[in-house]
Amino acid sequence: MPLVSMRQLLDEAAKGGYGVGAFNVNNMEQIQSIMEAARETKSPVIVQASRGARSYSNDRFLYHLMIAATELYPEVPTVLHLDHGNSVETCKSAIEMGFTSVMMDGSLMSDGKTPSSFEYNVKTTREVVEMAHARGITVEGEIGCLGGIEDGHGAGGDGLSHLTDPAQAVEFVKATGVDALAIAIGTSHGAYKFTQKPTGATLKMDVLIEIHKRLPNTHLVMHGSSSVPKELQDVINQYGGKLKPTWGVPVEEIQLGIRNGVRKINVDTDNRLAITGAIRKVFMEKPEEFDPRSYLKPAREAMKKVVAERMRQFGQAGHGADYTPVTMEAMADRYAKAEAAKA
Ligand code: G3H
Ligand code: 13P
Ligand code: ZN
């Protein structure tokens, strides 16, 4: 089947009461890991590319690798999503390339680190919604800012300075018409999220629950949701790495989120850790090896294992064949009818 709408995947997830992981990719091996995990667990899947990924890979390569994925895994409903679009132009180029979903992250200015005004966020996001919905493409917006700056998307600090205000979230969804809403509840991108296991004071699940109460029909998105498991940190350090002790978002907190409206969960760092650990292991144990396949194969396998585990934990496993994906044209029609009904 062709690449499909993220909105439909999230609507189905809401009906089924489960979450869907959105996994970042930069290259062929990462795409293969995710598609193999989706096949093994019979899951629908969201594959996402950041601006950095698009420029690293030259996004035509990524796009065509994703088309290959749809040909090789025809039974897997697969979304290609733009992660953290920083401007209307970035979203436009992804839409024109064939992405079936885009994130307009107007919570930050286009530099990816300066918190923006509510008005700027509404204006840019609304513009993307109009452009995307006309083609049936899904839009994710963000209100409130994540902390950290490790990967260039974040307002800095510990993630508590720009939490989402639930009242503003309601206003934002109404003013923009986004399909999914990313919220800030204390997480940050990257490995260094929390200096100890998060508590209710550092990971604000109460804010998430309040937003869900006020927006029961909006699909919520958790960014910065890698769990940064100690086992993955240990493999890296055992084979010569130098990670400092750190904590991520416990899977049980994500599951609490899923029971409270979270439908998309963004995971990148856990996969980066798994890949790096596997490669370091080969480099240390077999220093005579120089065929890239000798370390990329175990890296691919290690990432697949993490992705399959998350798919089971988020509940998407077993739901890949629940429904027939609609065409992007049908989605465009659906959006147009909804708009007309509002007028
Ligand atoms: O948004 C964060 C993802 O981990 C992507 O990171 O911008 O380094 O590709 P990146
Ligand atoms: P992690 O760094 O926690 O994996 O988060 C990834 C993310 O939110 C991508 O948008
Ligand atoms: Zn993110």
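I began with glycine 224, where a polar backbone atom lies 2.8 Å from an oxygen atom of ligand 2; I take a polar contact as a pair of N or O atoms within 3.5 Å, and within protein one must be able to donate a hydrogen and the other to accept it, with residues adjacent in sequence counting only if both atoms are side-chain atoms. I then found an oxygen atom of ligand 2 at 2.6 Å from an N or O atom in the side chain of serine 226, and one at 3.2 Å from an N or O atom in the side chain of histidine 84. Taken alone, ligand 2 exposes 310 Å², of which the protein buries 98%, with areas from the Shrake-Rupley method and a 1.4 Å probe, where for residues only the protein chains shown count as cover.

I note that this is a predicted model, in which local features need pLDDT of at least 70 and side-chain atom pairs count only at pLDDT 80 or more, while totals for chains, interfaces and linings use all residues. Residues are numbered from 1 along each chain as its sequence is written, chains are lettered from A and ligands numbered from 1 in the order in which they are written, and side-chain values use heavy atoms, with hydrogens and water left out.

Next I listed the shell around ligand 2: there are 15 residues, and Asp83, Lys193, Ser226, Asp268 and Thr269 come nearest, a residue being near if one of its heavy atoms lies within 4 Å. By class the shell divides into 1 nonpolar, 11 polar and 3 charged residues, where Ala, Val, Leu, Ile, Met, Phe, Trp, Tyr, Cys and Pro count as nonpolar, Asp, Glu, Lys and Arg as charged, and the others, Gly among them, as polar.

Histidine 84 and histidine 189 are both buried, that is, under 20% relative accessible area, with exposed meaning over 50% and partly exposed in between (1.4 Å probe, protein chains only).

Last, how many disulfides are there? I count 0, taking a disulfide as a pair of cysteine sulfur atoms within 2.5 Å. The sulfur of cysteine 145 is too far for a bond because the closest cysteine sulfur, in cysteine 91, is 16 Å away.
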